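Hi,

Here is the structure I promised to send over.

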Amino acid sequence: MLESRAFYYLRHGETDWNRERRHQGQTDIPLNGTDRAQARAAIEPLAGCGIATICCSPLSRARETAEIVNRRLGLPVVVIDALIECNWGVGEGQINAAWYEDWRRGGFLEGAEPHADFIERSLAGINEALARPGPVLIVGHGGVYRAVKIHARLDIGFRLANSVPVRHDPPT
């Protein structure tokens, strides 16, 4: 169950592999110059939101995005291991393919974290972040955001853009 607290979510800046539509997973692909500019563009929309804590994935693309935003906010940044992107096993580095939809439906992919386990772990990481003083900004990955979409009953087909912050309010 997703904690019933308002929070902000920011997907890390775009990487070269994002542009190539490659599954990054836990391969630690860094940001580049364009990606850092995207992260800097997220600062102003977040500056007046009253954010109290920033939580992020341990992967460098999310950590660096959090650090760039934090240059203005000056807040505690908490790295939460459970916010790491999915382990895609043999799918890491691959261009989008049919295996992805099969995996999402519960199919087996050699060396990959099962979809249900990934969503459960991601939700635990999000809830761990939401236990911090808030509102919380979570800087993570598109896959981890899938857990938010599932548990908040959002459009599962919605693709969160890189470095575009979104606010989530609990249902009333």
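Searching the whole structure turns up seven aromatic pairs. For this, rings of Phe, Tyr and Trp (its six-membered ring) pair if their centres lie within 6.5 Å, with planes under 30 degrees apart called stacked, over 60 edge-to-face and the rest tilted. (Helices, H or I with at least four residues, and strands, E with at least two, are DSSP runs numbered from the N terminus.) Tyr-9 and Tyr-145 are both buried, meaning under 20% relative accessible area, while exposed is over 50% and partly exposed in between (1.4 Å probe, protein chains only).

Then there's Trp-99 with Tyr-100: centres 6.1 Å apart and planes at 80°, so edge-to-face. Trp-99 counts as buried at 18% relative accessibility. Trp-99 and Tyr-100 also belong to one aromatic cluster with Trp-88, Trp-103 and Phe-118.

On to the cysteines: zero disulfides (cysteine sulfur pairs within 2.5 Å) were found in the whole structure. For Cys-56, the closest cysteine sulfur is in Cys-55, 7.7 Å away and too far for a bond. Cys-86 has its closest one in Cys-56, at 19 Å, again too far. Cys-56 is buried at 0% relative accessibility, and Cys-86 is buried at 0% too.

Bear in mind that this is a predicted model: local features need pLDDT of at least 70, side-chain atom pairs count only at pLDDT 80 or more, and totals for chains, interfaces and linings use all residues. Residues are numbered from 1 along each chain as its sequence is written, and side-chain values use heavy atoms, leaving out hydrogens and water.

Cheers
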